[in-house]
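Subject: A structure for you to explore

Hi there,

Here is the structure I promised to pass on. Please open it beside this email and follow along as you read.

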Amino acid sequence: MTANTIQLDKQGRLKHFLTIEGLQKSLLVEILDFAESFAGVSGRAVKKVPLLRGKTVVNLFFEPSTRTSTTFDLAAKRLSADLLNLNMATSSTTKGESLLDTLQTLEAMHSDMFIVRHSNSGAAHFIAEHAGPHISVINAGDGQHAHPTQAMLDMFTIRRHKPYFETLKVAIVGDVLHSRVARSDIHALKSLGVNDVRVVGPKTLMPASIERLGVEVFNNLNEGLNDVDVIIMLRLQKERMISANIPSEQEYFDRYGLTFNKLKAAKPDAIVMHPGPINRGIEIDSQVADSDQSVILQQVSHGIAIRMAVMAMTMGNRPEGNI
Ligand code: CP
């Protein structure tokens, strides 16, 4: 079953959120617009709305996370859901319980939503296929495949600074080969109408045939950053890498690490993004990461609003009306 036959219902509305690939611009804009209203909620004295009151959300993180797990946690609480954070390190999976048995156990507690991070590509899709019909599954990052809520918070952050997607030039820099964020960002940018999307990095960290996604490949950072509006730096995924992928971290930084000097190739008002966690002095110079052009911490804040929007939509809520 393809992702979109499973993640959309018969009316084309989100049932699960597994991947950006194949989603129409109108649906992505609906998520962004809904998230704008939730961003307002985060600024209120009482940061809560009742949209998921009575719903039970389970955070299932089989892989480490700081930003994604905590912002999903906060998003669920701000939507008034009941939240279970299953600690995989102390759960019965360590005694050999299968993934499906764990899921059935959680379903027996009348859960409504699983938020899933897993090191295997396709894990969230697999869970969505096997979950009961009343359960919604949200992919919080699966292997090298997809990280759709990260892509949507990236689009939200870009739109806040650069509202017209069609005219943007966007460079995605670094370890594209291992990056689920790069894949999801490319699908989102292309769906939203960005014509000029570049991927920049060493040949050893560039997937074969990435041009098929409608991007241009650069191995030279200065050329790839020429006149861009948005720079998305990627983390070197050392946990997924073999030693031959880069010569040394110092050489990588010299060629692809973002410094103020290299940033001069981009437009003067270019924004600098990074999904985190950042490796200072490897992908990005500390001064750039902490500069006025960096929107890295805004990305984190926007993650709450985007995750509230996606969670609310998979539970049947729509953007119309006051929140
Ligand atoms: N961006 C991101 O997925 O970060 P975490 O691994 O901390 O969740």
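Let's start with the ligand: its neighbours are Ser65, Thr66, Arg67, Thr68, Arg117, His147, Gln150, Pro275 and Gly276, where a residue counts as near if one of its heavy atoms lies within 4 Å of the molecule. Sorted by class, this shell holds 1 nonpolar, 6 polar and 2 charged residues. For these classes, Ala, Val, Leu, Ile, Met, Phe, Trp, Tyr, Cys and Pro count as nonpolar, Asp, Glu, Lys and Arg as charged, and the others, Gly among them, as polar.

Before going further, please keep in mind that this is a predicted model, in which local features need pLDDT of at least 70 and side-chain atom pairs count only at pLDDT 80 or more, while totals for chains, interfaces and linings use all residues. Residues are numbered from 1 along each chain as its sequence is written, and side-chain values use heavy atoms, with hydrogens and water left out.

Which atoms come close enough to the ligand for a polar contact, meaning a pair of N or O atoms within 3.5 Å? In the side chain of histidine 147, an N or O atom is 2.9 Å from an oxygen atom of the ligand. Arginine 67 has a backbone N or O atom 3.0 Å from a ligand oxygen, and for glycine 276 a backbone N or O atom lies 3.3 Å from a ligand nitrogen. On its own the ligand would expose 260 Å², and the protein buries 91% of that (areas by the Shrake-Rupley method with a 1.4 Å probe).

Now for the spaces in the protein. They are found on a 1 Å grid over the protein atoms alone: a cavity is a set of points where a 1.4 Å probe fits but cannot get out, a pocket is an open set with protein on both sides within 12 Å along at least five of seven lines, and lining residues have an atom within 4 Å of a point. Volumes are the space filled by probe spheres set on the points, which are joined across faces, edges and corners.

The ligand takes up the space of the largest pocket (more than half of its atoms lie within 2 Å of the grid points). This pocket has a volume of about 350 Å³. Of its 20 lining residues, Arg117, Arg180, Arg235, Gly276 and Pro277 lie nearest the centre. Helix H3 (67-78) and helix H7 (180-191) each supply at least two residues of that lining; helices here are DSSP runs (H or I, at least four residues), strands are E runs of at least two, and both are numbered from the N terminus.

The second largest pocket has a volume of about 210 Å³. Helix H12 (residues 296-314) gives the most to its lining, with 3 residues.

H12 turns up again at the largest cavity, where it gives the most to the lining, with 4 residues. That cavity holds about 50 Å³ of space, and its lining includes Arg67, Gln150 and Pro275.

Finally, two backbone details. Most residues other than glycine have a negative phi, and most peptide bonds are trans. The peptide bond from glycine 276 to proline 277 is cis, with omega near -10°, and proline 277 is found in the loop between strand S9 (271-273) and helix H11 (286-289). Serine 80 is not a glycine, yet has a positive phi of about 70°.

Happy exploring!

Definitions and conventions
A polar contact is a pair of N or O atoms within 3.5 Å; within protein, one must be able to donate a hydrogen and the other to accept it, and residues adjacent in sequence count only if both atoms are side-chain atoms.
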